[in-house]
Amino acid sequence: MSGSPIWHPFTQHGLGEPIPLVARGEGAALFTADGERVIDAISSWWVTTHGHCHPRIMAAIASQAEKLDQVIFAGWTHEPAEEVARGLLGIMPPALTRVFFSDSGSTSVEVALKMALGFWRNRGEERHRILVLEHGYHGDTVGGMSVGARGVFNQAYAPLLFDVGTIPFPGDDPQPSYDALEAACAAGAAAFILEPLVLGAAGMLMYPPAVLAEFAAICRRHGVLLIADEVMTGWGRTGTLLACEQAGVVPDILCLSKGLTGGAVPLAVTLASEPIYQAHLSPDRARMFFHSSSYTANPLACAAAAANLTIWREEPVLERVALLADRQAGQLARMAASSIVENPRQLGTITAFEVRAPVSGYLSDFAPRLMAFCRERGVLLRPLGNTVYVMPPYCVGEADLDTIYSTIEAGIASLS
Ligand SMILES: *Cc1c(COP(=O)(O)O)cnc(C)c1O
């Protein structure tokens with residue numbers, strides 16, 4: 001064996017692609033061990049909201065590290081977790097009254113699915129079918145893959161995945177999606193899980209708030225629980241604290257992770273409405289919610305999340321988001337003038353477009369080639385197939401944003 005023994009996620013080591021060694025992060029930039037500055041155009045895979053190493057978050061972790069590192073969370077509690085839970089209830093929709101901690105977006109989804117099934121079982125109703133939105137992504141655990149799109153990335157594990165009802169992604173005419181949801185709800189379903197307004201891993205597919213509102217209304221009419229997976233869209237990413245807000249929708253269950261700690265350390269929460277909690281509440285231990293992971297509500301992670309909540313209360317985060325959205329709109333308009341840029345779209349701090357293939361077969365390695373081109377020029381980008389997207393930390397400066405887009409422009413020109 002030569003080199004590092006590390007087996008990286010979503011990485012084909014057989015291609016021998018270089019793996020940069022990152023030593024430091026600050027604001028919108030990463031610095032390699034060689035001292036090279038790299039602009040983080042994708043917020044380190046959608047997690048970094050305010051910027052790398054935000055001083056308040058770093059200080060909160062350091063200070064917590066002097067007091068309490070970890071404690072069992074079954075039947076015990078600690079102040080950082082209490083502070084996060086109280087803080088969340090202060091800014092999330094009032095109908096979401098209960099906070100369940102876990103440690104990643106995937107686990108927050110597993111928890112949501114188990115809460116939904118536990119709710120129906122404890123109420124003595126036979127409902128276990130899960131409805132999903134076509135092209136969705138909800139994580140790489142077996143439950144997450146089951147409710148997500150099927151493809152080459154989970155084909156090998158298909159025998160493990162449970163059956164779901166798939167609602168077609170809403171096109172220009174969303175009526176067929178409404179009809180399918182109506183029929184699936186009428187046939188009996190436990191819950192409908194979706195990514196509100198933007199399907200990230202599908203290639204930043206976007207659909208309008210009115211469609212989300214209608215989805216929620218249909219679920220409500222049939223008593224089907226709505227699970228909003230805001231793991232990517234939450235924390236200002238789409239221009240508002242939650243994407244659901246833009247549709248006036250309050251889900252029954254809400255999944256949050258990525259930006260929950262500002263993107264600094266792993267933590268997730270699944271928020272539930274009171275009826276879901278009440279369905280598990282009983283003197284009977286057999287009705288409790290059977291879920292835990294060792295690091296549930298880890299105090300260091302909770303301290304980071306509490307600091308994130310303080311930043312949201314005391315710093316003009318949504319103003320920064322609005323400014324970034326504005327600047328992104330200008331850059332996207334410039335890109336859209338190119339004849340090979342198709343379907344330019346934006347929601348809040350996310351921009352995306354497709355690159356049209358000038359020759360057949362070209363797209364198969366377009367993404368890794370553009371990624372390498374940008375990497376060589378100090379920009380971290382990770383296109384999804386022929387979809388190019390930009391999703392920087394909110395603190396990114398105008399000059400860095402210019403560099404991101406001009407590098408993409410040069411990359412597309414040189415590769416086409
Ligand atoms: C990233 C993501 C997940 C999975 O989160 P992890 O922390 O990577 O497990 C789930 N749902 C959505 C919408 C995501 O974007």
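User: In which hand does helix 6 cross helix 7?

Analyst: Helix 6 passes helix 7 in a right-handed crossing. Keep in mind that this is a predicted model.

User: What angle do helix 6 and helix 7 pack at?

Analyst: About 20 degrees, and their axes are 9 Å apart. Helix 6 covers residues 175-186 and helix 7 covers residues 209-222. Angles under 35 degrees count as roughly parallel, so helix 6 and helix 7 are roughly parallel to each other.

User: And at what angle do helix 11 and helix 12 cross?

Analyst: Helix 11 (residues 366-376) and helix 12 (residues 398-415) cross at roughly 130 degrees, and their axes come within 9 Å. That angle makes helix 11 oblique to helix 12. Helix 11 also passes helix 12 in a right-handed crossing.

User: OK, ligand now. Which residues surround it?

Analyst: W46, S104, G105, S106, Y137, H138, G139, E195, D229, V231, M232 and K258. By class, the shell has 4 nonpolar, 5 polar and 3 charged residues.

User: Which side chains have an N or O atom by a ligand oxygen?

Analyst: Those of S106 and K258, among others you might check. For S106, a side-chain N or O atom is 2.5 Å from an oxygen atom of the ligand. For K258 the distance is 2.7 Å.

User: What about the backbone of G105?

Analyst: A polar backbone atom of G105 is 2.8 Å from an oxygen atom of the ligand.

User: How much of the ligand does the protein bury?

Analyst: The protein buries 83% of the 380 Å² that the ligand exposes when taken alone.

How values were computed. Residues are numbered from 1 along each chain as its sequence is written. This is a predicted model: local features need pLDDT of at least 70, side-chain atom pairs count only at pLDDT 80 or more; totals for chains, interfaces and linings use all residues. Side-chain values use heavy atoms; hydrogens and water are left out. A residue is near a molecule or strand if one of its heavy atoms lies within 4 Å of it. A polar contact is a pair of N or O atoms within 3.5 Å; within protein, one must be able to donate a hydrogen and the other to accept it, and residues adjacent in sequence count only if both atoms are side-chain atoms. Accessible areas come from the Shrake-Rupley method with a 1.4 Å probe; for residues, only the protein chains shown count as cover. Ala, Val, Leu, Ile, Met, Phe, Trp, Tyr, Cys and Pro count as nonpolar, Asp, Glu, Lys and Arg as charged, and the others, Gly among them, as polar. Axes are lines fitted to C-alpha atoms, for helices over the stretch in contact, and angles run from 0 to 180 degrees between N-to-C directions. Helices (H or I, at least four residues) and strands (E, at least two) are DSSP runs, numbered from the N terminus. Angles under 35 degrees count as roughly parallel, over 145 as roughly antiparallel, 65 to 115 as roughly perpendicular and the rest as oblique. A crossing is left-handed if the near helix is turned anticlockwise from the far one by less than a right angle, and right-handed if clockwise.
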